[in-house]
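Work through the exercises below with the coordinates open. Try each task before reading its solution.

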Amino acid sequence: MTALPEWEKYRVLRAESEFESVRKDPRVAWTLWCVSGLFGGHRFYLGDTARSVAMLFTLGGLGLWFLADGFLVARRVRAVNRHRRSEIMARYGILEGL
């Protein structure tokens, strides 16, 4: 395994830095779910605007959608972060291992 050239290291660091600036924190998502879950606050935070508006006007699907999201918040944060990371790495031309 060969070491990366210096310029390549800077490109990877720049991509990692950009990802850290847009990364979503699971603790914030959980807090928003606890505080404003019936109104879709956690979904607004994660960028699910259409579903957030639907939750806002139906009070979390009369509470059912809100309760289901309690089990799915962590998975959704991971999916959003994975998607954002792959977009950033692709923009920088960095292939990540599977």
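This is a predicted model: local features need pLDDT of at least 70, side-chain atom pairs count only at pLDDT 80 or more; totals for chains, interfaces and linings use all residues.

**Exercise 1. Helix 1 against helix 5**

Task: Classify the packing of helix 1 and helix 5, and list the residues that meet.

Solution: 
- Step 1. Locate the elements. Helix 1 spans residues 6-22, and helix 5 spans residues 64-91.
- Step 2. Take the geometry. The two axes come within 10 Å and cross at roughly 150 degrees.
- Step 3. Classify. Angles over 145 degrees count as roughly antiparallel, so helix 1 is roughly antiparallel to helix 5.
- Step 4. The crossing of helix 1 and helix 5 is right-handed.
- Step 5. List the contacts. Helix 1 brings Ala15, Glu16, Glu18, Phe19 and Val22. Helix 5 brings Asn81, Arg84, Arg85, Ile88, Met89 and Arg91.
- Step 6. Sort by class. This contact of helix 1 with helix 5 has five nonpolar, one polar and five charged residues.

**Exercise 2. Helix 2 against helix 5**

Task: Which residues of helix 2 meet helix 5, and how do their classes divide?

Solution: 
- Step 1. Start from the axes. Helix 2 and helix 5 have axes 9 Å apart and pack at about 170 degrees.
- Step 2. Classify. That angle makes helix 2 roughly antiparallel to helix 5.
- Step 3. Read the helix 2 side. Pro26, Ala29, Trp30 and Trp33 make the contact.
- Step 4. Read the helix 5 side. Their partners are Phe66, Asp69, Gly70, Val73, Ala74 and Val77.
- Step 5. Divide by class. The contact of helix 2 with helix 5 has eight nonpolar residues, one polar and one charged.

**Exercise 3. Helix 4 against helix 5**

Task: Find the relative orientation of helix 4 and helix 5, then describe their contact.

Solution: 
- Step 1. Get the geometry. The axes come within 6 Å and cross at roughly 110 degrees.
- Step 2. Apply the cut-off. The range 65 to 115 degrees counts as roughly perpendicular, and helix 4 and helix 5 are therefore roughly perpendicular to each other.
- Step 3. List the contacts. Arg51, Ala54, Met55, Gly60, Gly61 and Leu62 come from helix 4. Leu64, Trp65, Phe66 and Asp69 come from helix 5.
- Step 4. Sort by class. The contact of helix 4 with helix 5 has six nonpolar, two polar and two charged residues.

**Exercise 4. The aromatic pairs**

Task: How many aromatic pairs does the whole structure hold? Describe each by distance and angle.

Solution: 
- Step 1. Search. There are two aromatic pairs in the whole structure.
- Step 2. Take Trp30 and Trp33. Their ring centres are 5.8 Å apart, with 85 degrees between the planes, and the pair is edge-to-face.
- Step 3. Trp30 is partly exposed at 32% relative accessible area. Trp33 is buried at 15%.
- Step 4. Take Trp33 and Phe66. Their centres are 4.8 Å apart and their planes at 15 degrees, so this pair is stacked.
- Step 5. Trp33 in helix 2 and Phe66 in helix 5 are 33 residues apart, so distant parts of the chain are linked. Both Trp33 and Phe66 are buried.
- Step 6. Ring pairs join Trp30, Trp33 and Phe66 into a cluster.

**Exercise 5. Arg43 and Ser52**

Task: Are Arg43 and Ser52 buried or exposed? What does each touch?

Solution: 
- Step 1. Arg43 lies in helix 3 (residues 41-46), and Ser52 lies in helix 4.
- Step 2. Apply the cut-off. Buried means under 20% relative accessible area. Arg43, at 10%, counts as buried. Ser52, at 0%, is buried.
- Step 3. List contacts, leaving out residues up to four places away in sequence. Arg43 touches Asp48, Arg51, Ser52, Met55, Trp65 and Asp69. Ser52 is in contact with Phe39, Gly40, Arg43 and Phe44.

**Exercise 6. Positive phi**

Task: What are the phi values of Leu59 and Leu62?

Solution: 
- Step 1. Recall the background. Most residues other than glycine have a negative phi.
- Step 2. Read the angles. Leu59 has a positive phi of about 55 degrees. Phi of Leu62 is also positive, near 55 degrees.
- Step 3. Leu59 lies in helix 4 (residues 49-62), and Leu62 lies in helix 4.
- Step 4. Leu59 is partly exposed at 43% relative accessibility. Leu62 is exposed at 76%.

How values were computed:
Residues are numbered from 1 along each chain as its sequence is written. Side-chain values use heavy atoms; hydrogens and water are left out. Axes are lines fitted to C-alpha atoms, for helices over the stretch in contact, and angles run from 0 to 180 degrees between N-to-C directions. Helices (H or I, at least four residues) and strands (E, at least two) are DSSP runs, numbered from the N terminus. Angles under 35 degrees count as roughly parallel, over 145 as roughly antiparallel, 65 to 115 as roughly perpendicular and the rest as oblique. A crossing is left-handed if the near helix is turned anticlockwise from the far one by less than a right angle, and right-handed if clockwise. Contact means heavy atoms within 4.5 Å. Ala, Val, Leu, Ile, Met, Phe, Trp, Tyr, Cys and Pro count as nonpolar, Asp, Glu, Lys and Arg as charged, and the others, Gly among them, as polar. Buried means under 20% relative accessible area, exposed over 50%, partly exposed in between (1.4 Å probe, protein chains only). Rings of Phe, Tyr and Trp (its six-membered ring) pair if their centres lie within 6.5 Å; planes under 30 degrees apart count as stacked, over 60 as edge-to-face and the rest as tilted.
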